[in-house]
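Hello,

Here is the structure we discussed handing over. My notes on it follow below.

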Amino acid sequence: MKRNYIYIVLAMLAISCNDYLDRPPLDMITDKEITFSEKEMELYVNKFYGNFPDSWDTEYGIFGLDNSSDNMIHGNYNYNSLLSGTYIEPTSGGGWDWGNIRSTNFFIENYSRTTENIANVAPYIGEAYFWRAWFYFKLMKRYGDLPWINKTLSTNSEELYGERISRSIIADSIIQDMNKAIEYLPLRSSATQGRIHKEAALLFLSRIALYEGSWEKYHQNTPFGVSNANPEHFFRTAADAAEKLINLGTHAIEKGGEKPNEYYWGLFNKKDYSSSKEIMMYRAHSISLGLIEWTNNYFGISDADTGLSKYLIESYLCTDGKPISVSSLYKGDDLLSDELSNRDPRLTQTIYVKGDVCNSVNGVPTGYFTYPNMAYEARLRNTTGYQLKKGANPEANHTSGDETGTIIFRYAEALLNYAEAKAELNECTQSVLDKTINVLRDRVGMPHLTTEVGFVDPKWDFPELSPLLNEIRRERRIELACEGYRFDDLFRWAATRLIKRPMYGAKMQQFINVKNEFKPALDPKNIAVNEQGYIAPYWNSPAKNGWQFDESKNYLYAIPLNELVMNPKLKQNPGYRAQ
Amino acid sequence: MKISTLFLFLLIFCLHAENTNSQNVRVTVKHDNIELQTVLNEIEKQTDYLFVYDKYVNVNRKVSLNLKKRPLKEALEQLFEGTDVNYSLDGTYIVLSHKENKEKGRENIVLITQQGKRITGTVKDANGEPIIGANVVEKGTTNGIITDIDGKFSLNIKPNATLKISYIGYASLEIKTNNAISYIITLQEDTKILDEVVVVGYGTQKKVNLTGAVSQVGNKFIENRTMRNIGQALEGQIPNLNITTASGEPGTGSTFNIRGTTSLSGGDPLIIIDGISGGDLNTINPNDVESITVLKDAASCAIYGARAAYGVILVTTKTGSKNSKIRITYSGTVSDNLRTRIPDQVNSLEFAEAYNIASKNSGQAPMFTDEHIARIKAYINDPEHTPSNLPNPSNPNYWSYATLDNDNVDWIRTFFKPSYFSQKHDINVNGGNENSNFYIGAGIFDQGGLLKYANDKYKRFNIISNVHFEPYKWLNGDLKISFMKDDKNTISNAYDGDIGSWMHLATTRFPNWSLKDPNGHWASTSHMYKLINGGRGITQGNIFSMTGILQAIPIEGWKINMDYSFKRNDFQSKQHAKPVIWEYTVDEHPVMTTQFDSYFTGINTTNYYSLNSYTSYEKNINGNYFSALIGYQQEYTKGHNVSASRRELVSQDLPSISVGVGDQNTGEDLSHWADQGIFMRLNYNYKEKYLIEFNGRYDGSSKFPKGHRWGYFPSVSIGYNIAKENYWPWKNEISNLKLRGSWGKLGNQNVANYLYLATVGIGTKYGYIINGELPNTLGTPGLISPNLTWETSKTLDFGFDISLLNNKLQGSFDWYNRATTGMFGPADPVPAIIGTSLPQQNNANLSTKGFEISVTWRDQIGKDLHYSVGLVLSDYNSKITKYNNPNNLIDNYYVGRKINEIWGYETAGIIQTDDDLAKMPDQSILYGKWQKGDIMYKDLNGDGKITDGKRVLGDTGDYKVIGNSTPRFAFGITASGEWKGFDLNIFLQGIAKRDYAVPGGNNAGTLFWGFVGGWGTNLYKTTMDFWTEDNTNAYLPRPYNSSEVSKNQQVQTRYLQNAAYMRLKNLQLGYTIPHSIVNKISLQRIRLYISGENLFTITGLNKNFDPETLSGWGGGMGKSYPITKSLAFGLNIDF
């Protein structure tokens, strides 16, 4: 009894002074206080911009992304575990990341709370839809079928334990989001510099639809195929979006430099693209704001344990518009100087050739390229004899940070998406080619492509496809080389057999011949060479005969095992263990 | 505030009601026609007053008096009214004087104590040394004195009075005086610690009456050692007080834990320094500490309720003592501190050749060409005349750093020097009279650093003043003021952050990388310019605290206490990153880097306010002892953090925000929390034989939402001192055997603020430029825990205390089970589709069981050799008893999981033959390709392949628990002896069992593996024993320079480390110069000593690691700032 009495008295005292314990936050707002004012909406969507491609993505920024393909050969054969076949099922995480989807859902679910005039906040609503599409597209590329989550879930939401929905439906939902984004977003001319605009959204929509269209078409009748596949629908969406962008006329293909040998290369190393007609969006850098990029600590100084592959070099046409296998202008590959002459000018604007300016100060050259840095320490060497120049800025500060912009969206892609989608729809007329591929060729002075093509290349990558589609794909590879498109392209085209070939680079002998010019003195013993005398970085690795990519499963990633245990309705992707 | 106001009123009311000054002393005298002297005697008996009078006062005068409980004053008035005697009160004396003498002044009056006689004496210890400052008091009176420098005293006493002689550390002695006038009194050292008083929550208790698990150490452990901080002093002294010090960086403090794993969300002991909670033990001066008490079981902690779920450390600082003359003591030490274990790196040639082997194994071109190796050889043979580097072929005016270098550098020894110097000086003054006493202590500690070029250092200054005053018999008070200032000065953290840590940096420099370029300038890859010229990082702490205490004692046994504390903690950080020369070009032009040109300043202030008011009453009736305590506490803490940084300083000599012109960042954080509690304690014992104690606290915290704030935390403990029973047969052999048991429930509120609110952070300077600016951002609200409330810990404790063999052997044992329930565990696993981190819930239980033993033997051999040996031993082990992981995923907690268990594979060995390759299980889950020199794992379930199954309990394939990293059986052994002024102390500390899994496959493990797959690899003498065709009997497997390396570096039995150790923490030899010599130079005591810390270590651990800093920080295992062993010389002087 006595204790109870004390307890009651104490409780009364405590209740009477509850206010002493009321200590609300002093420097944070809570969800209840978000009113979706214009300022709040702007701040909310700002945080997604970091998801755009970044100069930190690889040593070369976006220009190293093709390391995961047959365009570039990284010194480590296991650089991308999916390609090398060493990928194993993760237990958790591994890219199965839904945080950003939740963030966009919170906005889309609640923005109607706003009391602002919708016209004032439309850009932010558009951005929220754009970003949800962006994050979903990334997940779909990685995992295929997905649950469709369009609201913020709590721990007792049923959706947590739902099934995956066919990627075809997911793709349509993504497209729906993109259509909303396009509706709400302003044109570039009235958008704030750095923010997403309508044109960028159109380009991204064409990319998504082209990806899904090709996937459904080329993976048909494989474990990755889609039942009720409807590639035409997606090709149409892709073509329409690209066409809409082209017809807006707000963007164009432009020359990147004053001199012909910089028309193409000069496009990729600018600080400021704010008035560029071709670079639609970019990440700006500023030393004074402390936001810098480092790619030029590698470019021209060393390499980044990578090099361009022979296959990429070979795919460039000769100046007569014909492939090396048929053109009489091709001089063979004993010497780089031979191999690079009479070729599509984009080749020598993509890789370094002897005499190129590596470094300059206010236009005065201070260092010239001689030979690739094949004898450097692993992380700084060149692996193939073909050293990347696209993206290099000789004027940059090579020892500390630099301000070169990182490209996010480039108009050339829209032209290539359009041409490809039209070709897939069998609607690629000469006029389509003339406003797409041939515009790109005009910039560098290459002969036009015609619908008939006019030659048969015995080394076409896709002999089963039409000559025109082969040439459109070649043009895409050349124009967008080393910008991070190739991995996606190989996957959507179901073309990974191209990476299951032995990877190699330039002929070794030419470097041995110039040993004295080659500093540091090259020790040929240290560089792996195949039987034909070509540099073969993987000669001593399990990837000697090509990456051990397993086409029966590696086209998609594995759902983390713990997720499968937690949600039995979630099924594993083909070929992977579910437990 | 209502409660506090109420208590304030109560207190003041009480003070008025029971005012007990001399006016209220009452006497009862009933005599007719009797000598005045008899009446005076009577009054003396009834009061504490003594009469003194001169010879002119006629005490034989006959008087009559009839008073019943009347004021003393009335009695005096009646006795002396109309006489020629004046009376006056003087302290405890009533002075009677003849009126005629009054004008002559008091000095002329020869005062004679009533029937007094004068005695003299000397107080000595068992060795015959005089005891200075011993209290000699006439029993039953306040008539007393303290002994002088020769142990002598003289005192006027009544005939046949009893003298009580006492001195700290000695058993009190009572002697009855006889006709003798001179006494030699020998005090025996007090081996009966049973009379020791132990500090407990809101009071003290006799140790013999304790029923909870409480350990206390006095300042003996701390004085006379070369202590950086309390953590170092306490290590190994108290069983199950676990102390870790993460690194040897100057100014690094220790972290404390009581009885092992507390909660999954963490939980530290509550630290209370002189009544102020939440203090930092690392910043107080060990020299000012009187005692440290550790409350371990719930019953002892319950009075502190919600903040004490995982034990309490009570620190009491020194005070002055009553009636002692002012004493000044000085103690000082100087020490040299040497790094303990430093990995031995290989030279650049050994490195290059080994590295090429691994590259070849990985299918890569060798990194070091023959030409390169030739240059490395040339450099090793003739460093004077061989350039350490070549110009960069692509950029010939620059050196080829990190590529073609051919230097030969031992990086760890380049960054770190062998030793540093440190010193500590303390001086304190204490003294007191009848009504007040004081202690003032001041100390300075100056620690150097091991960084060779950075001149890193730490300084701490402490001052403390404790004043106690007793204006009235019924009222006393304390004023405690302390101030601490520390100052850490090292290189700017802009650079430190850039390089991780210097150990990490040292492990990521290849031996062939240049330290200096061929022209003699520092190489950019050495980062040496940062160490030397990179600007300073200065962090300063100021802690000011003040406590006022009032204690009223209205009647005997009833105490009313009230204290109010204020503490202000200021922490300032200034980080100046200077642009420095990054490198020199080949033609010797400096290249600057401006990347770090910035200045940062931050001020973090915390204000703490605490109010305690409590009242207690105790009474002993015929052996029935009762005591009760009830009180109220409230605490409020408010934190304020302001910071600013700016780039591009116009002048690097005047680093400040004002001289910057570049981008500016500012920030502010505000936080606060409060708690309130009402507590009570009831004690009862019968003749100290049967003991029982109840505690309870009703606590509220601002960290929880309304409706979930309050919790009630009760506890009970009982004791039975069986040796006090009359029938106890072994009274002499076992003088004390107390069985104890306790149970209690406590709350833990150790969670972040506002978990019940979905807060949305505002970010600034987001890393994407919009419209030329770095934009601001708004976060996404997460999931909240609306019902979050207290986590509770319930502890059951059984123990006993024993004293054997005339108290020479003392022992104490406790077993406990601490169940932590409703833990803020990581939430139930939910599919990742939820897209956010899950809110914390009160959803998990944990049980920690353990025991602690302490044993002390104290004795003497012959007359001169005193010695003692002590052992403490403790252990704990925790496991999950409830966790919502229905599938028992082993990557999460599951029911039955032991905390810190290590999962891994059993190693079968190294693949040596083609036969092995053919017969070994399929290991493709780990890697696609296996060859000789790789690791073969054991196929435990015989399915022909190595797997980890579903990674759920019961289906883990060949994956199993192979060890546990919990430190088990922590022990401390102390031995000390004294002989004719010499003293020797030995202290060993260690962990008897602990496993440690080496991290694999990334640069965290390079100090163990050497090869970690490329970047981050470095090679040491210990890592060279790797498998090659020529070294098939190797310890380490075939090395790789790619991620393939991880297939051999799975957590496995072969490379599991035994991290048990025993370390000689302290060895000290001192000599106290004989008093007779010291006395001649007017000093009381001089003691000189030499002392060594960490002098040797026994461990089975890989030689590159120190067992105390295994986990490392800033980049991986063992990558800690090296800890040190020290050699010190010290001096103690009492003036």
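**The interface between the two chains**

Between chain B and chain A, 25 residue pairs are in polar contact, counting pairs with both residues at pLDDT 80 or more. On the side of chain B that touches chain A, strand 36 (residues 664–686) gives the most, with 11 residues. That side of chain B is made up of 49 nonpolar, 31 polar and 20 charged residues. Please keep in mind that this is a predicted model.

There are also 3 salt bridges between chain B and chain A. One of the residues that form a salt bridge is Asp22(A), whose partner is Lys706(B), with the closest N and O atoms 3.1 Å apart.

In residues, the contact takes 100 from chain B and 98 from chain A. The two chains bury about 9000 Å² between them, and 62% of this is on carbon and sulfur atoms. Of the area that chain B buries against chain A, 9% comes from Tyr768(B), Leu778(B) and Ile833(B), more than from any other three residues.

**Helix 13 of chain A**

Helix 13 of chain A spans residues 437–444 and is mostly covered, with 6 of its 8 residues buried. The buried ones are Ile437(A), Asn438(A), Leu440(A), Arg441(A), Arg443(A) and Val444(A). They pack against strand 5 (406–410), helix 11 (411–424), helix 12 (430–435) and helix 14 (467–479) of chain A.

**Phe415(B)**

Phe415(B) lies in helix 8 (residues 411–415) of chain B. Is Phe415(B) buried or exposed? Phe415(B) has a relative accessible area of 0%, so it counts as buried, the cut-off being under 20%. Leaving aside neighbours within four places in sequence, the residues in contact with Phe415(B) are Leu450(B), Leu451(B), Lys452(B), Trp502(B), Leu505(B), Ala506(B), Arg509(B), Ser526(B), Met528(B) and Leu531(B). As for Phe510(B), 95 residues separate it from Phe415(B) in sequence, and the two are 14 Å apart in space, C-alpha to C-alpha.

Regards

Key
Residues numbered from 1 in each chain as written. Chains lettered and ligands numbered in written order. Predicted model: local features only at pLDDT ≥ 70, side-chain atom pairs only at ≥ 80, totals over all residues. Heavy atoms only, no water. Helix = DSSP H or I, 4+ residues; strand = E, 2+ residues; numbered from the N terminus. Buried < 20%, exposed > 50% of the residue type's maximum accessible area, 1.4 Å probe, protein only. Contact = heavy atoms within 4.5 Å. Buried area = accessible area lost by both parts, 1.4 Å probe. Salt bridge = Lys/Arg side-chain N within 4 Å of Asp/Glu carboxyl O. Polar contact = N/O pair within 3.5 Å; in protein donor to acceptor, adjacent residues only side chain to side chain. Nonpolar A, V, L, I, M, F, W, Y, C, P; charged D, E, K, R; others polar.
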